[in-house]
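Hi everyone, thanks for making time for this one. Let me put the structure up, and then I'll walk you through a few parts of it.

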Amino acid sequence: SIVTWLQKTAKFGLVSARLTTEECWLARRLLGGAVGSPNLDVKPRAGPADGFLVMADRNPNTAGALLAGISPREGGFGLDGFRAAAGAGRVKWAILVGEDLDDRPEDLAALSKVPFVGVIGARASETLGKAVAFVPGGTWAEKDGTLVNGDGRLQRTRALVRLPGEARTESRILLDLLARLGAPDVPAADASPAALFRAMAADLPALAGLTLANGFRREEYRQA
């Protein structure tokens, strides 16, 4: 079956720390769980900090991605090890969720050596030219969810505009893929933001007992 083939094949997942915490959690369940890849990572973005509002970490949800489990597992490799693994022919497929490698030319060249590259995202990129399969996602202004900010506080984000046509957010795409692969305890593809958060909170001990109502009004969550 396709699931068995995926589980036996070396693979790499790169998940954007610009996505919501829910999207990162679903990506980890798909890539790290349903298809069993230990090779997961986020792409760092750094710049000068101003000591006031602008932080050196330019990814808005690095803490949320790590909380959701986007990092190499035991025996796996991350983005720093991807280039060597792909160059040696060890990586047979790579999935990029909301991310690109346009600013990392050596890694982008290594991506060309991967037989199957899939991209889920909302923007055109040079990376997209390497993809065998592409599923359009949503921008930050088109989705609901949560982030964990630089102070470790959980924050709510809300959609400002509707998605065009039949476009879907990354969360709905990932939910659909999880259901197709037979993953257990998967929320419905049309789950509300509150239902999706409850499912995530039930799986992540740091968020246990929180909902979209009590997790923000009383600021009950803060990651150390």
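F12 and F82 are both buried, where buried means under 20% relative accessible area, exposed over 50%, and partly exposed in between, with a 1.4 Å probe and protein chains only. A quick word on the ground rules: this is a predicted model, where local features need pLDDT of at least 70 and side-chain atom pairs count only at pLDDT 80 or more, while totals for chains, interfaces and linings use all residues. Residues are numbered from 1 along each chain as its sequence is written, and side-chain values use heavy atoms, with hydrogens and water left out.

Back to the rings. A pair of aromatic rings is described by the distance of the centres and the angle of the planes. The rule here takes rings of Phe, Tyr and Trp (its six-membered ring) as paired if their centres lie within 6.5 Å; planes under 30 degrees apart are stacked, over 60 edge-to-face, and the rest tilted. How many aromatic pairs does this rule count? Two. In one of them, the ring centres of F12 and F77 are 5.9 Å apart and the planes stand at 15°, so this pair is stacked. It links distant parts of the chain, since F12 sits in strand β1 and F77 in the loop between α3 and α4, 65 residues apart. For the element names, helices are DSSP runs of H or I with at least four residues, strands are runs of E with at least two, and numbering goes from the N terminus. F12 has a relative accessible area of 2%, and F77, at 13%, counts as buried too. F12 and F82 form a pair as well: their centres are 4.8 Å apart and their planes at 25°, so that pair is stacked. This one also connects distant parts of the chain, with F12 in β1 and F82 in helix α4, 70 residues apart. Together, ring pairs link F12, F77 and F82 into a cluster.

That takes us to α4 itself, residues 79-87, where L79, F82, A85 and A86 are buried. Looking down the axis of α4, these buried residues fall within an arc of 95°, so they line one face of the helix; the arc is that of the directions from the helix axis to the C-beta atoms. On the face turned away from the buried side you find the exposed residues D80 and A84. What do the buried residues of α4 pack against? The partners are β1 (11-15), β2 (40-41) and α5 (105-111), with contact meaning heavy atoms within 4.5 Å. After α4 comes G89, with a positive phi near 80°.

Now the sheet. Five strands form an open sheet in the order β2-β1-β3-β4-β5, with parallel pairing; two strands pair if DSSP finds at least two bridges between them. β2 and β5 (133-136) stand at the edges with a single partner strand each, so one side of each has no neighbour in the sheet. β1 and β2 run parallel and are joined by two bridges, and L14 has D41 as its bridge partner in β2. Helix α2 (residues 21-34) lies across β1, β2 and β3 (93-97), running at about 180° to β1. Helix α6 (residues 170-180) packs on the sheet too, touching β3, β4 (116-121) and β5, and its direction makes about 135° with that of β4. For those angles, axes are lines fitted to C-alpha atoms, for helices over the stretch in contact, and the values run from 0 to 180 degrees between N-to-C directions.

Last stop: D185, in the loop between α6 and α7 (193-203). Most residues other than glycine have a negative phi, and most peptide bonds are trans. D185 has a positive phi, near 55°, and is exposed, with a relative accessible area of 72%.
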